[in-house]
Amino acid sequence: MKKMEVIVVGGGIGGLSLALSLHQAGIEVRLYEAVRDLSPLGVGINLQPTAVRELVELGLGDALAETGIATQRLNLYNKFGQLIRSEPRGMAAGYRWPQYSIHRGRLQLLLLKAVRERIGHDHFRSGLTFTAFEQTGGRVRARFRDRYSGAEVIDEADVLIGADGIHSAVRRQIYPAEGGPCFAKQLLWRAAVDADAFLDGRTMVIAGHFHQRIIAYPVARAAAGKLLTNWICQMTVTEAAPPREDWNRRVAKDRVLAAFGGWRFPWLDLPALIEQSPDIFEFPLVDRDRVSAWTFGRVTLIGDAAHPMQPIGSQAGSQAILDARTLTQALMAADDPVAALARYDSERRPAMNDITLRNRSFGPEAAMQLVEERAPDGFAGIGDVISQDELDRIASSFSTAAGLDVETVNSRPAYVRSMHGGASD
């Protein structure tokens, strides 16, 4: 039987995880990335235990431990720094795998290194921008443009996967009238800076409410005993969304301090972090509306190309990795790739559509907004404002919907069994 061939468009976290998963399953894969030389750009993300499990089963557990920080707790506070809820995370919560806070760019390079070592440099093709696909004769043909020479490159395979992010060119061909992402009328100012540890050095904090909040967590060990600390200031704005070319633009510290200059707490001095940060970047809070299908014949989507969501509950990167693993599982289980892609779509899309909508309503952090509405001037005791039972219901409802509950993550069978021996490569 002829070996299945897959083309992956996009070398982000989802695309790289998919390439590694397909290789692990014995499926031939060629990955195309528009950027010629990837560099460790971006700031921090969180990988949930369910996604860390998949990377461990890809043989990347030691590299993750060396690169990121195993997060032990998540603390939610009001805008005055009063504690609303503290919950254990990762192995401290009973999972068999950690939750990692990690620098996005360093994670991408970690995955890229593994891809080049395992599938070979000739199967990772960079500097090529996807332009179009066509399905014919039981195959899918993809067209790319060399960003430097202008030459056209054509490749054919049994399957084409769009892993090319929120501005996906693959998705745009499927849904040409969709338009741009949906702007939620909020901006995020983000940076990562070497700083002294706050709290125990392994805690993620979120403070504020729906219209103005901060997020901070360490993502790596740094020199002189410091930690590379990721921070985000997020707030509602009245202006229109910035144009795409201004996404990720640098902003002056004064603009951020004008809104968050008073956010000093006993456990974190946010203005000091802002002052210490060499570069601060601005992003619009965006997602896309749900679509009725990701899969069309031999073409499908994963990650932000399929279900771009607001960064609530630390979900986007983790779910892209799960997309990669469940898609690989479907391709391994079916002789017909068209049927496999349809199965993947039917299994993943409803849950991701649900999470996208939940994130628009503040996801698992909804308790912070309830506390703001009930006690805008602060509280003497959190039990006077919201019960522990209500806090637990909010958290468990989201984790169950996202497939993050401890029992599900710990007990489910592996998605991919390696063709090279064992569950991990």
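Author: Start with burial. Buried means under 20% relative accessible area. This model is predicted, and E57 has a relative accessible area of 11%, so E57 is buried.

Reader: Where does E57 sit, and what does its side chain join?

Author: E57 is found in helix α2, residues 49-57. Its side chain makes a polar contact of 2.9 Å with the side chain of R53.

Reader: How far is E57 from I27, in sequence and in space?

Author: The two are 30 residues apart in sequence. From C-alpha to C-alpha, they are 17 Å apart in space.

Reader: Take V52 next. Is V52 buried or exposed?

Author: Apply the cut-off again. V52 has 0% relative accessibility, so it counts as buried. V52 is also placed in helix α2.

Reader: Which residues does V52 touch, beyond those up to four places away in sequence?

Author: They are L47, L64, W97, P98 and Y100. Look at Y100 in particular. V52 and Y100 lie 48 residues apart in sequence, with 7.5 Å between their C-alphas.

Reader: How do I read a pair of aromatic rings?

Author: Two values describe such a pair: the distance of the centres and the angle of the planes. This structure holds 9 aromatic pairs. In one of them, the ring centres of Y77 and W267 are 3.9 Å apart and the planes meet at 20°, so this pair is stacked.

Reader: Which parts of the chain does that pair link?

Author: Distant ones, 190 residues apart. Y77 is in strand β5, residues 73-77. W267 is in the loop between β18 (264-265) and β19 (268-269). Both Y77 and W267 are buried.

Reader: What other ring pairs with W267?

Author: F265 does, and that pair is stacked too: 4.8 Å centre to centre, 15° between the planes. F265 has 10% relative accessibility, so F265 counts as buried. W267 has a relative accessible area of 13% and is buried.

Reader: Which residues do ring pairs link into a cluster?

Author: Y77, W189, F260, W263, F265 and W267.

Reader: Now helices. What span does α4 reach, and what is expected?

Author: Compare the end-to-end reach with 1.5 Å a residue. Helix α4 covers residues 104-119, 16 residues in total. From first C-alpha to last, α4 reaches 22 Å, close to the 22 Å expected.

Reader: Which residues of α4 are buried, and what follows the helix?

Author: The buried ones are G105, L107, Q108, L110, L111, L112, A114, V115 and I119. G120 follows α4, and its phi is positive, near 95°.

Reader: What about D345?

Author: D345 lies in helix α9, residues 337-360. Its relative accessible area is 6%, so D345 is buried. Leaving aside neighbours within four places in sequence, D345 is in contact with A293, W294, T295 and P350.

Reader: How many disulfides are there?

Author: The structure holds 0 disulfides. C182, at 24% relative accessibility, counts as partly exposed. C233, at 0%, counts as buried.

Reader: Where should I not read the coordinates in detail?

Author: Where pLDDT is low. Here the chain has a mean pLDDT of 92, and 95% of its residues reach 70 or more. Over residues 421-425, though, the pLDDT is below 50. That stretch has 20 contacts in the model beyond near neighbours in sequence.

Note on methods. Residues are numbered from 1 along each chain as its sequence is written. This is a predicted model: local features need pLDDT of at least 70, side-chain atom pairs count only at pLDDT 80 or more; totals for chains, interfaces and linings use all residues. Side-chain values use heavy atoms; hydrogens and water are left out. Helices (H or I, at least four residues) and strands (E, at least two) are DSSP runs, numbered from the N terminus. Buried means under 20% relative accessible area, exposed over 50%, partly exposed in between (1.4 Å probe, protein chains only). Contact means heavy atoms within 4.5 Å. Rings of Phe, Tyr and Trp (its six-membered ring) pair if their centres lie within 6.5 Å; planes under 30 degrees apart count as stacked, over 60 as edge-to-face and the rest as tilted. A polar contact is a pair of N or O atoms within 3.5 Å; within protein, one must be able to donate a hydrogen and the other to accept it, and residues adjacent in sequence count only if both atoms are side-chain atoms. A disulfide is a pair of cysteine sulfur atoms within 2.5 Å. The expected span of a helix is 1.5 Å times one less than its number of residues. pLDDT is the predictor's confidence in each residue, from 0 to 100.
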